[in-house]
Amino acid sequence: MRVTTAFNKLLRLPGASVVGVTFGAEGVVVAVRLRRRRSRCSGCGRKAPIHDRSTRRWRHLDLGAQRCLLEGEIRRVRCPECGVKVEEVPFARPGVRHTRDFEDLTAFLAQQASKTVIARLLRIDWATVGRIVERVVEGHLDETRLAGLVMIGVDEVSWRKRHRYLTCVADHIDGGVVWVAEGRSAATLQGFFEELGGDAATIQAVSIDMSAGYEKAVREAIPHAQIAFDPFHVSFVIDVFSRKVVGWQLATNMRTDLVLDALRMARGLRSPGADVALVHHSDRSSMDHPESHGLRGTRDGPFRMRTRIAIYPPCPSKALRASPDQRASPC
Ligand SMILES: [Zn+2]
């Protein structure tokens, strides 16, 4: 089998054929020829006359331990609508030096790993990861997602260390998140209603927590809508050995006391004689931070850690970062 035939079968590039393969210091360079008769503008998709030609490279998915680069002639067109634009390429987004497959892989990984991990794994710049994710998300966003909303829910989620928040708006009908912005104030949610414009008239009901900011924004923007308050926050403590819930508490606000009450209940049930240790794994919630439990002495912010172990009697003063060896012998 010829090398070009093998690479055509291997890469299966849409709208392009492999015409040559070379192995060099930068990796495998695959020469490709676009299968097109008329050039089309990458801005609007219209057919347009050729302006000039040049050679371009696109980074593709790695082949084994080698980088794979596609190289081919690309033309710029004179579009009556968009001006001079690069032509449409089936295997890459307009004006981008990575193939769609490479960008889709990057965006998929970004759902699971940090930018630093992805940058090292794929051997690309840290900032490039962010730009690729933005492009892929933009391409997949449903432009009609804000039209015809009837029942929506507004809530906040914390991100990064310290108290940084995102306001998320969900469509209660299909369950999808339709809008996200940084912050959790009335002004943040006002931004959503401004983007919605006249489409806000279709909203009949909004569920929010007891945040005064959210309520103010909703009453000003859509006074006709019903507001359903979600007044409760719940904290559970689960015994990971028996998998039973050993402490719980309900409250109308997210204060430290909510977690403390649940922990007091768990301690009462699990270490009544104070001579049995309770190992507590908390999540990244700010309220679950060991300092919230009166366990001082840690310099890490609440969101830097993934898991912490706090030891209740007989070692109440320690707050240890979780690691395999510490888990084996916490004291
Ligand atoms: Zn155009």
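In the predicted model, the contact between helices α2 and α4 is formed by Glu 103, Asp 104, Thr 106, Ala 107 and Ala 110 of α2, which meet Val 129, Ile 132, Val 133, Arg 135 and Val 136 of α4. By class, this contact has six nonpolar, one polar and three charged residues. Helix α2 spans residues 100–110 and helix α4 spans residues 126–140. Two packed helices are described by the angle between their axes and by the distance between the axes. For α2 and α4 the angle is about 100°, and the axes lie 9 Å apart. Angles of 65 to 115 degrees count as roughly perpendicular, so α2 is roughly perpendicular to α4.

Helix α5 covers residues 186–196, and Leu 189, Phe 192 and Leu 196 within this helix are buried. Viewed down the axis of α5, the buried residues fall within an arc of 40°, and they therefore line one face of the helix. Ala 187, Glu 194 and Glu 195 are exposed on the other side of α5. The cover over the buried residues of α5 includes three strands, β6 (151–159), β7 (164–171) and β8 (177–182), together with helix α6 (212–221). Just after α5, Gly 197 adopts a positive phi of about 60°.

One of the residues in contact with Phe 192 is Trp 179, which is placed in strand β8. A residue counts as buried if 20 or more other C-beta atoms lie within 10 Å of its own; Trp 179 has 20 such atoms within 10 Å and is therefore buried. Apart from neighbours within four places in sequence, the contacts of Trp 179 are with Leu 146, Val 169 and Phe 192. Trp 179 and Val 169 are 10 residues apart along the chain, and their C-alpha atoms are separated by 5.2 Å.

Over the protein chain, the secondary structure amounts to eight helices and 15 strands. The chain has 331 residues, of which 22% are buried. Of the contacts between residues at least 6 apart in sequence, 45% join residues at least 24 apart. The average pLDDT of the protein chain is 79, and 78% of the residues score at least 70. Over residues 288–331 the pLDDT is below 50, and this stretch has 75 contacts in the model beyond near neighbours in sequence.

Methods
Residues are numbered from 1 along each chain as its sequence is written. This is a predicted model: local features need pLDDT of at least 70, side-chain atom pairs count only at pLDDT 80 or more; totals for chains, interfaces and linings use all residues. pLDDT is the predictor's confidence in each residue, from 0 to 100. Two residues are in contact if their C-beta atoms, placed from the backbone, lie within 7 Å. A residue is buried if 20 or more other C-beta atoms lie within 10 Å of its own, exposed if 12 or fewer, and partly exposed in between; C-beta atoms are placed from the backbone. Helices (H or I, at least four residues) and strands (E, at least two) are DSSP runs, numbered from the N terminus. The arc is that of the directions from the helix axis to the C-beta atoms. Axes are lines fitted to C-alpha atoms, for helices over the stretch in contact, and angles run from 0 to 180 degrees between N-to-C directions. Angles under 35 degrees count as roughly parallel, over 145 as roughly antiparallel, 65 to 115 as roughly perpendicular and the rest as oblique. Ala, Val, Leu, Ile, Met, Phe, Trp, Tyr, Cys and Pro count as nonpolar, Asp, Glu, Lys and Arg as charged, and the others, Gly among them, as polar.
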